[in-house]
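Subject: Structure handover and notes

Dear colleague,

Please find the structure below, followed by notes on what was found in it. Could you read the notes with the model open?

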Amino acid sequence: MTLAPETTDLKVELQLNGDWFAVCELARLLPGRGVAALLPDGRQAALFRDRAGNLYAVDNRDPFGGAAVLSRGLTGSVQGRPFVASPLLKQRFDLETGQCLDDESVRIATYEVRAA
Amino acid sequence: MTATPEATEATPTIVLVGHGMVGQRFLEALAERGMTATHRVVVLCEEPRPAYDRVALTSYFSGKTPEELSMTDMEFIETHGIELYVGDPAVSVDREAKKVTARSGQVFAYETLVLATGSYPFVPPVPNKDARGCFVYRTIEDLLAIEEYARTRTTGAVVGGGLLGLEAAGALKGLGLTSHIVEFAPRLMPVQVDDGGGAALLRTIEEMGLSVHTGVGTQEIVVDEDGAVTGMKLSDGSELATDLVVFSAGVRPRDQLARDCGLTVGERGGITVDEQCRTVADPHVFAIGECALAADGRVYGLVAPGYEQAETAAATIASDEAAFLGADLSTKLKLLGVDVASFGDAHGATADCLDVVYSDSRAGLYKKLVIGRDGTLLGGILVGDAEAYGTLKAFTGSVPPVKPESLVLPAGAGESVQLGPTALPDDAIICSCNNVRKGTIRGAVTEHNCTTVPEVKKCTKAGTTCGSCVKVLGQLVTAELEASGVEVDKGLCGCFSQTREELYEIVLALRINTYQDLLDRYGRDGAKGGDGCEICKPAVGSIIASLAPTIGASGYVLDGEQASLQDSNDHFLANIQKNGSYSVVPRIPGGEITPEGLIVIGEIARDFGLYTKITGGQRIDMFGARVEQLPLIWTRLVDAGFESGHAYGKSLRTVKSCVGQTWCRYGVQDSVRMAIDLELRYRGLRSPHKLKSAVSGCARECAEAQSKDFGVIATSSGWNLYVGGNGGATPRHADLLAQDLTDAELIKLIDRFLMFYIRTADRLERTSTWLERIPGGLDHVRDVVVEDSLGICEELESLMTAHVAHYVDEWATTINDPEKLARFVSFVNAPDTPDPVVGFVPEREQIKPDLPLLTIGHRPLEGSAQR
Ligand code: SRM
Ligand SMILES: Cc1cc2nc3c(=O)[nH]c(=O)nc-3n(C[C@H](O)[C@H](O)[C@H](O)COP(=O)(O)OP(=O)(O)OC[C@H]3O[C@@H](n4cnc5c(N)ncnc54)[C@H](O)[C@@H]3O)c2cc1C
Ligand code: SF4
Ligand code: FES
């Protein structure tokens, strides 16, 4: 007998221009870590899953350093708000709003994301 | 938009033309004085949106939305009954009849008219200046248009190398265009910096991949048959191919409306006003902001003086006393990652003044202070490092308490002094945008009980405009809190109230082997059950890894939950570089390597096109690997017998050695063999910070063992063990812990020493700082690890034995684990596609990173007098 875990069918999807764009299987997202996705228009998104199973997606580019690396940062939460810290110079970004928590004037794009 | 219904002919009316930054501040100043209750206030706003933060305009490209840039609180407009007409500019003024006509045809009678029409970008009259692809850089609409046009183009050029021009060029580069800057003057930012500063700036900006053309003018814009820009002709006869041109050649006051109704304007533009900001021609009309020619004969292109004028005009209209007598033109910005600041009399215009200059053009540094005869600091220019800007600016106009030279020398060079903001007098202006003095900030802490920077910002308004004073603000708040004896939380982070040492004890004593378990049981109240943070996750991950065999955790850092705790470098088992590529450092124990090994490394580096360098740690670093190449590279390295060098981990790095007794005529012990033994024993040991070691074959110390965390020097009768040495930022000579040890004694002592350090140090605390910090210092450590005063030596040794017995090379494990390998891709949905942002350019026959998109204007400017 083979038992397939329930999640194998679930795909992580991003909303792009009103359509849902499938990125990968949900199982590829390790809680607390991210992955990067290449979007049809050449942009990159960083996708994360937190401990409670919530999904987040933001632009992958670190606006301070310029490299596309946010998916490789460490995640966490401050006062209940999820964030990712850039692996370059450690600035943190709110995963829900894209707001940089260490520099008010900086915000990165966010995407609607779901598992379906 | 709101109308005040009861507005009648009888209510005196104030009409404001222009709803920019200064106009909005004027409205706030009116409301503060209660004038909005007694007057009808009409605002004519030309742009399609109410006032927004023009100073932070460029941050649109780093993700700010137009809504976020807005400075207009609709509730404020409504509660004060202000009539705001968006998208409806004033077209004429009849001063005789005291009436303003708007484009929509509405006519407003006024008692007081305030012009705050700002300025417009100056576009030099070159042929085809209005062609498709030509832009200016002033409004949100300009940025939207540039962004749209750039989408399908590859090259952009900015005319003008002033502050704004550089900002615009950074934005173009950020949009993915190859960017050029064309500046007529012989240097960049001609107004703010002098030749020396310009040279330092030029070097740094060119290194970032922007092409700078100074000393040339733009003569013509070249267009194709469809009238779209294809290039520009320069005054030196050359032609520059470009798809897009942004003019940033300065601004001119928007005084047409004033001219048309006969108000006096200056020779070079600007509505002439007196010290109360009242036009000299008509007592019922005021002009403020960039459209005004102030009583001191200047037109200010900065927001701070405009704000002061807004306050002055509002006060005058409310019959209070106020005057605008002139303002400071200090500027600081962080553009394209370069700090540039100028303040006060930057060009040394004062009679008899002297310059103090420090310049290092290789490092892109240039600092100049202008000093008066009596030692007064008059002004200065800082390029490349504007760290001292906040303090220096506040000292301008006074004699600083230390010698000026010491303020510009870099740390470590001669008598450099860090003059902290605590040395400033209470009346020094800390925030020049909002005119907040140091005393006011201290008062916010001591009298208004503010304990954080955001609270102080709210309380004093300091730091709320351009943000350049926030750093000094933070230092003042901390200093003030400490002075008033506020207790500082010693917890590891926001998630744990324990120190790292306490967490280590909990993990070891209770055999807790997951982070979540530790967080849920011992975290702070708000943090339990949460996601932790970037500080405690790697710290706890390191504790778990150091103790893995003892507490029953996997010793493999990418296993299960542990993978999510690791710093990014540990997670990819490689060091991330500035463009998102990685470096690869195989372990070369003791620095000893066979020719065969060298050849393998050479071949791999050649096949993958990696940059190679001999490191300071006696091994070879290969740079420029893409994430998906790491497993391929490591498969070959592991095949050839190499292991991870843990260059990425807070763990043992290298044990350097000299050739020692085997070859050297002075050597008294086999230092290479001992170095290899030590390196293999402690490899992979996770610790609070990195660990370095070295073994020298005699007292000549060619391996520099006394600069290591644990260093060994051969004696004729054995080994001397030194601990707590450090190179790096704060070098420290190691202390002698024990002498003339046998091999076995040496290893036993190092085992104990390292485990005691791992147990009691703080996160990111090298052995040197740890030794200085712990009560009792070296004597205490010697008591514990040599005399066993705490009776823990046996435990320390067995912890180390367990580590040694369970060591496995993590790269060998990883390349044999398909599930882990799947993580080494640039894109989860396109595993074969490399990250296009990772690019390289040649240098000295190898490669170097081609810097990806630059940092653009995210650090707001504090002024840009000339653009
Ligand atoms: C490659 C190398 C420079 C070189 O081209 O030679 C190097 C490169 C880095 N060093 Fe170093 N250090 C290198 C030898 C040194 C040395 C010399 C030595 O070890 O003999 C020192 C001074 C000795 C010391 O550590 O006490 C040194 C003191 C530092 C420091 C300051 C540590 C301190 O306590 O002050 C840092 C920053 C840190 O660790 O926090 C650092 C950090 C770094 C990092 C990890 C910075 C980073 O996070 O990206 C660099 C990463 C390299 C990479 O990506 O591969 N590196 N670094 C050397 C690698 C040695 C090796 O084979 O592992
Ligand atoms: C990209 C950029 C960066 C800058 N950085 C800095 C900085 O770091 N520090 C600094 O101090 N300054 C900076 N400035 C300058 C700063 O923005 C200006 O000094 C400030 O905006 C001036 O305010 P103002 O209200 O006088 O003019 P504006 O903000 O230009 O507002 C004038 C408004 O009046 C409107 N108007 C004009 N004519 C009419 C009419 N007839 N009827 C109705 N409305 C009309 C215009 O459309 C405009 O909206 C920067 C400017 C730019 C463009
Ligand atoms: S430390 Fe002594 S043994 Fe080693 S190389 Fe130098 S002189 Fe020779
Ligand atoms: S100087 Fe304080 S906000 Fe600009």
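A polar contact here is a pair of N or O atoms within 3.5 Å; within protein, one atom must be able to donate a hydrogen and the other to accept it, and residues adjacent in sequence count only if both atoms are side-chain atoms. With that rule, a polar side-chain atom of Asn575(B) lies 3.4 Å from an oxygen atom of ligand 1.

The model is predicted: local features need pLDDT of at least 70 and side-chain atom pairs count only at pLDDT 80 or more, while totals for chains, interfaces and linings use all residues. Residues are numbered from 1 along each chain as its sequence is written, chains are lettered from A and ligands numbered from 1 in the order in which they are written, and side-chain values use heavy atoms, with hydrogens and water left out.

Ligand 1

Two further side chains of chain B make polar contacts here. Gln577(B) has a side-chain N or O atom 2.5 Å from an oxygen atom of ligand 1, and for Asp621(B) the distance from a polar side-chain atom to a ligand 1 oxygen atom is 2.6 Å. Strand 31 (620-625) and strand 32 (652-657) of chain B are the elements that give two or more residues to the shell around ligand 1 (helices, H or I of at least four residues, and strands, E of at least two, are DSSP runs numbered from the N terminus). The shell has 21 residues, and those that come nearest are Gln577(B), Gly616(B), Arg619(B), Lys690(B) and Gly727(B) (near means a heavy atom within 4 Å). By class, the shell divides into 2 nonpolar, 11 polar and 8 charged residues (Ala, Val, Leu, Ile, Met, Phe, Trp, Tyr, Cys and Pro count as nonpolar, Asp, Glu, Lys and Arg as charged, the others, Gly among them, as polar).

Ligand 3

The residues around ligand 3 include Cys658(B), Cys664(B), Cys698(B) and Cys702(B), along with Arg700(B) and Glu701(B). UniProt, in an unreviewed entry, lists those four cysteines, Cys658(B), Cys664(B), Cys698(B) and Cys702(B), under "binding site"; such annotations may be inferred rather than shown by experiment. They span 45 residues in sequence, but no two of their C-alpha atoms are more than 10.9 Å apart, so they gather at one spot. Cys664(B) sits in the loop between strand 32 and helix 22 (671-682) of chain B. The shell around ligand 3 counts 4 nonpolar, 3 polar and 2 charged residues.

Interface of chains A and B

Chain B brings 51 residues to the contact and chain A 40 residues (contact: heavy atoms within 4.5 Å). The two chains bury about 3600 Å² between them, 51% of it on carbon and sulfur atoms (the accessible area, 1.4 Å probe, lost on being put together, summed over both parts). Asp531(B), Glu534(B) and Val828(B) supply 18% of the area that chain B buries against chain A, more than any other three residues. The rule finds 4 salt bridges across this interface (a side-chain nitrogen of Lys or Arg within 4 Å of a carboxyl oxygen of Asp or Glu). Arg107(A) forms a salt bridge with Glu68(B), with the closest N and O atoms 2.2 Å apart. Between chain B and chain A, 19 residue pairs are in polar contact, both residues being at pLDDT 80 or more.

Within chain B

Arg33(B) and Asp320(B) meet in a salt bridge (3.2 Å, N to O). Arg33(B) lies in the loop between helix 1 (21-32) and helix 2 (35-38) of chain B, and Asp320(B) in the loop between helix 9 (303-317) and strand 21 (331-335) of chain B, so the pair ties together parts 287 residues apart in sequence.

Regards
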